[in-house]
Amino acid sequence: MAHRFLSRLEEIFQFTPGVRKRDTETQVSVCQILAFSSMLIKRNYHYLVATLVWAIPGFIITMKGILAYSQIPFSQWWLFAITLCVICGFYFIFGKVVKRYIAHISGLPERSRFWHTFPLKGWLLIVFMMALGITLRHIQGIPIEFFASFYSGLGPMLLCSAVQFLKKV
């Protein structure tokens, strides 16, 4: 199964990665990195890239939200109401963003570089949101209830947005 997956990746990216081994350590040459960055991928695979960019953090954040919920007493039922509010808020926000990105990908040429999946502003937003999430986790004093309700709302909505991209593949 792993071989089939790797051969599928090679087909998608249309190259065979050559990896040099030195002293039992795997190294990737600068030429390979430049070759990877200059590869052209089909428009449908941009939807796949977008799916992965949204689904992987969505899954991780959902798991963190579930873990946070497991650490608080069930008597705080009102947190579920806050989670529903977070879900509704992100539903409207992500709905607009996903439609904009789908329109962007639809306007791409048949083959383009993988980083064209999102506009520069989109990539910067992704980096900003990741940095904000990491910063929030390291701030002392934020209650676990916040993480439980916020992550349990944000994660599933990221996954639902990823499904919208996946439908276009």
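## Aromatic pairs and surface

Y69 is buried, with a relative accessible area of 16%. Buried means under 20% relative accessible area, exposed means over 50%, and partly exposed lies in between (1.4 Å probe, protein chains only). The model is predicted: local features need pLDDT of at least 70, side-chain atom pairs count only at pLDDT 80 or more, and totals for chains, interfaces and linings use all residues. Residues are numbered from 1 along each chain as its sequence is written, and side-chain values use heavy atoms, with hydrogens and water left out.

The protein chain holds 6 helices and 4 strands. Their order from the N terminus is α-β-β-α-β-α-α-β-α-α. Helices (H or I, at least four residues) and strands (E, at least two) are DSSP runs, numbered from the N terminus. Of the 169 residues of the protein chain, 29% count as buried.

A search of the whole structure finds 15 aromatic pairs. Y69 and F80 make one of them: the ring centres are 5.0 Å apart and the planes lie at 5 degrees, so the pair is stacked. Y69 belongs to helix α3 and F80 to helix α4 (residues 78-106), so this contact ties together parts that are 11 residues apart in sequence. F80 is partly exposed, at 38% relative accessible area.

F146 and F150 also form a stacked aromatic pair, with 5.4 Å centre to centre and 10 degrees between the planes. Rings of Phe, Tyr and Trp (its six-membered ring) pair if their centres lie within 6.5 Å; planes under 30 degrees apart count as stacked, over 60 as edge-to-face and the rest as tilted. Both F146 and F150 lie in helix α6 (residues 144-168). They are 4 residues apart, about one turn of the helix. F146 is partly exposed at 33% relative accessibility. F150 is partly exposed at 22%.

**The cluster and its charges.** One aromatic cluster is formed by W54, F90, F94, Y101, F118, W123, F146, F147, F150, Y151 and F165. Where do arginines come in? The charged end of R100 sits over the ring of Y101, and that of R137 over the ring of F147. A charge sits over a ring if NZ of Lys or CZ of Arg is within 6 Å of the ring centre and within 35 degrees of the ring normal.

| Charged residue | Ring | Distance from ring centre |
|---|---|---|
| R100 | Y101 | 6.0 Å |
| R137 | F147 | 4.5 Å |

**A nonpolar patch.** L52, I56, F59, I60, M63 and I66 make a nonpolar surface patch of about 570 Å². Patches are made of residues with over 30% relative accessible area and no salt bridge; like charges are joined within 9 Å, nonpolar side chains (Val, Leu, Ile, Met, Phe, Trp, Tyr) within 5 Å. A salt bridge is a side-chain nitrogen of Lys or Arg within 4 Å of a carboxyl oxygen of Asp or Glu. F59 lies in helix α3 (residues 43-70) and is partly exposed, at 48%. I60 lies in helix α3 too. I60 is partly exposed, at 41%. The C-alpha atoms of I60 and Y151 are separated by 9.3 Å, while the two residues are 91 apart along the chain.

**Cysteines.** How many disulfides does a search of the whole structure find? The count is 0. A disulfide is a pair of cysteine sulfur atoms within 2.5 Å. For C85, the closest cysteine sulfur is in C88, 6.5 Å away, too far for a bond. C85 is exposed, at 55% relative accessible area. C160 is partly exposed, at 41% relative accessibility.

Methods: Accessible areas come from the Shrake-Rupley method with a 1.4 Å probe; for residues, only the protein chains shown count as cover.
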